[in-house]
Amino acid sequence: MKIYVEKVLDEVVYFSTDYGRAKGIWKGNNIQIDKVYYVEMDIDMLCDYDSFVLCDTKEYHIEMVDENIQLTLLLLEYDEDGCATFQFGDSIIEIETNFDERFYALKNSYVIISVEKLNIYDENI
């Protein structure tokens, strides 16, 4: 995913994408402001079914809501180990969940999740 880094405070980067603006934890070496990076995003937490809200809007989105990062993602796959595979723009994000059969009904649907922390990894390391 392409992001534009606007501000850096310690390891926290504030960035914009084609889908909105947010912040994340930079997991890599030096980072510069006013620069475009191609990154992978990771949500490092165990979620349950109630962490997701079905979205009427069928488009990707990211924004800050209070101190949390809110993402609108498309659920592509869900397996019996509780691994949920989402698409966000041209990126794939896998999120570990407590297995719940109700996820199967959400397949190919857009959902919203709100997280405290979003890890960001530079693809060009």
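1. Asp100 is buried in this predicted model, with a relative accessible area of 17%. Its side chain meets that of Arg102 in a salt bridge, at 2.8 Å from N to O. Arg102 is partly exposed, at 42% relative accessible area.

2. That pair belongs to a set of four salt bridges in the model. Another one joins Arg21 to Glu6, where the closest N and O atoms are 2.5 Å apart. Arg21 sits in strand 3 (residues 20–26) and Glu6 in strand 1 (residues 2–9), so this bridge ties together parts of the chain 15 residues apart in sequence. If you look at the surface, Arg21 is exposed at 53% relative accessible area, while Glu6 counts as partly exposed at 26%.

3. Next, have a look at Lys23 and Glu67, whose side chains form a salt bridge at 3.3 Å, N to O. Lys23 is in strand 3, whereas Glu67 lies in the loop between strand 6 (61–65) and strand 7 (68–78), so the pair links distant parts of the chain, 44 residues apart. Lys23 is buried, with a relative accessible area of 15%; Glu67, in contrast, is exposed at 58%.

4. Finally, a word on Thr17, which you will find in strand 2 (residues 12–17). Thr17 has a relative accessible area of 14%, so it counts as buried, the cut-off being under 20%. The Thr17 side chain reaches the backbone nitrogen of Tyr19 at 2.8 Å. Leaving aside residues up to four places away in sequence, Thr17 touches Met1, Lys2, Ile3 and Ile62.

Technical notes:
Residues are numbered from 1 along each chain as its sequence is written. This is a predicted model: local features need pLDDT of at least 70, side-chain atom pairs count only at pLDDT 80 or more; totals for chains, interfaces and linings use all residues. Side-chain values use heavy atoms; hydrogens and water are left out. Helices (H or I, at least four residues) and strands (E, at least two) are DSSP runs, numbered from the N terminus. Buried means under 20% relative accessible area, exposed over 50%, partly exposed in between (1.4 Å probe, protein chains only). A polar contact is a pair of N or O atoms within 3.5 Å; within protein, one must be able to donate a hydrogen and the other to accept it, and residues adjacent in sequence count only if both atoms are side-chain atoms. Contact means heavy atoms within 4.5 Å.
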